[in-house]
Amino acid sequence: MIEIVAGVGIALVAPQYSVYSIGIGVLTKLYHIKTTQSKSNPSTPLASSHDNISNSDQDITLEWNNIAVELLTKSKSGSSKKSILHSTSGTAKPGRLLGIFGPSGAGKSTFLDALAGRVAFSKSIEVFGSVTINKIPAGTSDQRKQAYLVQEPVFFSQLTVEETLMFAAQTNPDFRSISESESVNKSKERVQELIKKLGLVSCAHTRVGSASERGISGGERKRLALACELLGAPRLIFADEPTTGLDSFQAERVIKVLRKLADEGFTVICTVHQPSERIYEMLDDVLLIAEGGRVVYHGEGRGAPNEYFTKLNEPAPEHVSYPEHFLELLTVDHETAETVSVSSSRLERLVNAYNASVNQQISGDESPVDEATASTVLKQPVRLGLVSQVQVLFQRAWRQISRDKRLFLQRMIPAVMSALTFGWIYWQFGLSQSTILDRMGLLQVACINSAMLSLVKTLYIFPIEKDVVQREQSRGAYNVLPYMLSKLAADLPVGAIFPAVFGTTVYTMSGLQRSLVKFGSFLLIVTLESFTAGAMGLAVGAIAPSVQAAVALGPNMMTLFIVFGGYYVNAESVPWVLRWVPNISMIRWAFRALAINEFDGLFFDVSGPADAATGEQALARIGIDYAEMGGSAGAAVRSSIGYQMRILGAFYCLTYCLLVVKKPKYAEPKVKQSKVEIELIEDAGGDQTDHIAEQNVAETAGDKKNNTDVSADATSATS
C-alpha cells in the first residue's frame, strides 16, 4: 500500500511524472503481494493433488468448535469487547438441510459467515475457534470450494440468464478445474442442466434486469445466483436468508431447491428469518440463536425442539406454530420493565440449559482424517489466460453497454439538450470585444458540462458493478488487469459518441472558427476530458462504499477542479497551500487547450487602446502564454492534451490499485485464550503450558459438576 500511495502522491504533486510514478508503485506492490503469497501459502501435497479432486461426489461434514465473534469498540473511557456471537460448537452433516433462525440482530448472518470463512477482515473484529471439513482445517472462503448464496445477488442487468451462467462457467476456476479438457459444448450442457434443475427454463433467454429495469423475478434471481455457485460442483452450500424479499410461494420454491440438493447428498446450511410452517417442515436440523448471539438449541428439527423445550417447561401452546413459539422464546420483550425481566430470565435459563447439555455430550472423538474427502472442498483453481480473460470480459462488457438503450438515452438526451441550449445562448459569435468573454464562457461551460455528464454517469453505475467484480474476484475468476482492459475497450466507442455529438452541435451553432483542424482538435479535447472525468468516477466509485457515498464525493471533488479551472481564479492567485490543485484539474487543462485552439489566429475589432486586437492578447489577460507552453499555439495545445492524458492515466492506475487493494479479505479464526492463560504466559514467558492444561481440565470438570442438575432433562433431548 505504501508503494501505491507514494506513486499517487508524486502524481498529484508533479503530474508530468504521474504515469511513471504510479506505474512503478503498482509494479512494486504487485511484486510484494506475489512474494508474500508465495511465502505464506506454500503448496502442500493435499492442495496440489489433482487426483483427489476428481471425485466430487464425496460427502462433506462441517464441524465447528468454540466459534465466537467479538467486536472491539472504542470510547473515551477506553476500549472494550462486545460478543456478537458467543462460543458454540456443532456439526452440519451431508444429506441434511440445517436451518439457522432467530430474531433480527441475533447474529444469524455473522454465524453463517463464520462457518463459511467469510467474516470480513477488520482490526475491530476477531473470530475465535475452529472450523473443519472432514477433520481438515477449512481455512477462509477463498481457500474452499463451496457455494455461498448472498442475500441480495447482483448481476450485469443486460445479460440473459443463460449468458450469465455461460460467463460464470467460462471464468469459474472451480468449474474449469473439473472440465479443463471439455469443449464449449460440454460447458453449455452443464449450463442447460442447471437451468432445468433450478427451474430457470422459462426465463433462460430473459435479461436479468436491475432495481430500475424490469427483468427476472426475485425468486428467479436467487436461483440464478445459486446456479452460478453450483457450477464448480461444490458439496458444501451456504445460503444467507435466501427467502428475504420474496413472497411465500417464491420463498418456498427456493427452499425446495435447497431441500432437493440436500436429498442429493449436499451439505446445506441456510439462515431463515421468519420461516413458515411449510418451510420449517423441510428442515432436517435447526439451530436457534437468541438475542446476543447465544445458541439455545442445535439438533434435529420438526417436533424435536418442542420436545426439548417441553422438558424445560416451555412447550408450544395450542394453535401456535413451532417457528412462532421458538422466536418468542428467543426474543427479549422490551414492552415494559416487567416483560424485559421475565423474558430475559427465561432466555438466560434456556441458554444455561443448552450449554450444560453440550458440556455433558463432549466426547473424545478422534476419527481419522479423510484427506480424499476433504480435498473436494479445497480450491484447485484453473484460471483462463490473460488474453482469454480479456476476450470473455470484453464480450460481457460490450453486451452490457451496447444493449442498455435506457442508459444510452439518459446520456444522449442531456448532451443534446445542453448543446442546443449553449448553442442558442452563444449563437454565431462575431469579432467584437464583447465576444471575447463570451467565447471564454462557452469554452468553460463546455468543459464543465462534458466532465459532469461523464462523471455522474460513472458514479451511479460503477459502485454497483464493483460489487459484482469483487464477488467474482473473491472466488478467483479473473484478475483486475484484464477486467480494466476489457472495460475500457468496450466503453471507448460508445463513450466517445456523447461528447462528439455535444461538441459538434455547440461548435456549429456558436460559430467558432471555421477550420477543419480546429474543429477536430475541439472534439478531441472535449472527448478526452469526458474520458478523464469518467476515469475519475471510476476511482471515486472504487473507494466509495456505496452509490450514495460516491455521488456525494465525486461532484464535490469536481467543484474544486472547476474553481481552479483557469477561468475563475488565476493560477498565480491561488494560495500556496492549494497550488498543486490546478496541476491535477482536468477542467484547467481542457479549458487551456480549447482556448488556445480557438483564439489562435483571431483578430478582433478595436475601438480603443485598451482593447485586445488578437486572440493571443486576449489569452494573455487570463494568464495563458504561448511562450510558457512550447512557443507556438500547436505546441501549447499538444502540451495541454499531454497533461490531460497524464491525469487520465493516473486515475486509471489509481482505480486499478484500489481494486487490487480492496479485494475481499477474510478473518482467520484464532484460538481464544483465557485471562488466566494470558497472565501466566506474560509472567512466565509461556513456560506454564502443563499448568494451564491441568487448570483447564479442573475447570471443565467443575463446570460439568455444577451444571449436572440443570442439564439432566436437556441431555436426552439434544443427544
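Tutor: Happy to! Let's begin with Thr435, which sits in helix α18 (residues 434-474); helices here are DSSP runs of H or I of at least four residues, and strands are E runs of at least two, numbered from the N terminus. This is a predicted model, where local features need pLDDT of at least 70, side-chain atom pairs count only at pLDDT 80 or more, and totals for chains, interfaces and linings use all residues. Residues are numbered from 1 along each chain as its sequence is written, and side-chain values use heavy atoms, with hydrogens and water left out.

Student: Is Thr435 buried or exposed?

Tutor: Buried, because its relative accessible area is 7%; buried means under 20%, exposed over 50% and partly exposed in between, with a 1.4 Å probe and protein chains only.

Student: Which backbone oxygen lies 2.5 Å from a polar atom of its side chain?

Tutor: That of Ser432. The Thr435 side chain also reaches the backbone oxygen of Gly430, at 3.4 Å. Leaving aside neighbours within four places in sequence, Thr435 is in contact (heavy atoms within 4.5 Å) with Phe429, Gly430 and Phe604.

Student: New topic: where is Gln513?

Tutor: In the loop between α20 (497-510) and α21. Gln513 is buried too, with a relative accessible area of 16%.

Student: What does Gln513 touch?

Tutor: Not counting residues up to four places away in sequence, its contacts are Tyr507, Lys518, Asn597, Glu598, Phe599, Asp600 and Leu602. Leu602 is 89 residues from Gln513 along the chain, yet their C-alpha atoms are separated by 8.4 Å.

Student: And how do the axes of α21 and α25 cross?

Tutor: The axes of α21 (residues 516-543) and α25 (residues 633-661) come within 8 Å and cross at roughly 20°. Therefore α21 is roughly parallel to α25, a label for angles under 35 degrees. Axes are lines fitted to C-alpha atoms, for helices over the stretch in contact, with angles from 0 to 180 degrees between N-to-C directions.

Student: Which residues make that contact?

Tutor: Among them are Leu524, Leu528, Phe531 and Ala535 of α21, and Ile641, Leu648, Phe651 and Leu658 of α25. The residues of this contact divide into 20 nonpolar, 3 polar and 1 charged.

Student: Zooming out, how many helices and strands does the protein chain have?

Tutor: There are 27 helices and 10 strands. Of the 719 residues in the protein chain, 49% are buried.

Methods: Angles under 35 degrees count as roughly parallel, over 145 as roughly antiparallel, 65 to 115 as roughly perpendicular and the rest as oblique. Ala, Val, Leu, Ile, Met, Phe, Trp, Tyr, Cys and Pro count as nonpolar, Asp, Glu, Lys and Arg as charged, and the others, Gly among them, as polar. A polar contact is a pair of N or O atoms within 3.5 Å; within protein, one must be able to donate a hydrogen and the other to accept it, and residues adjacent in sequence count only if both atoms are side-chain atoms.
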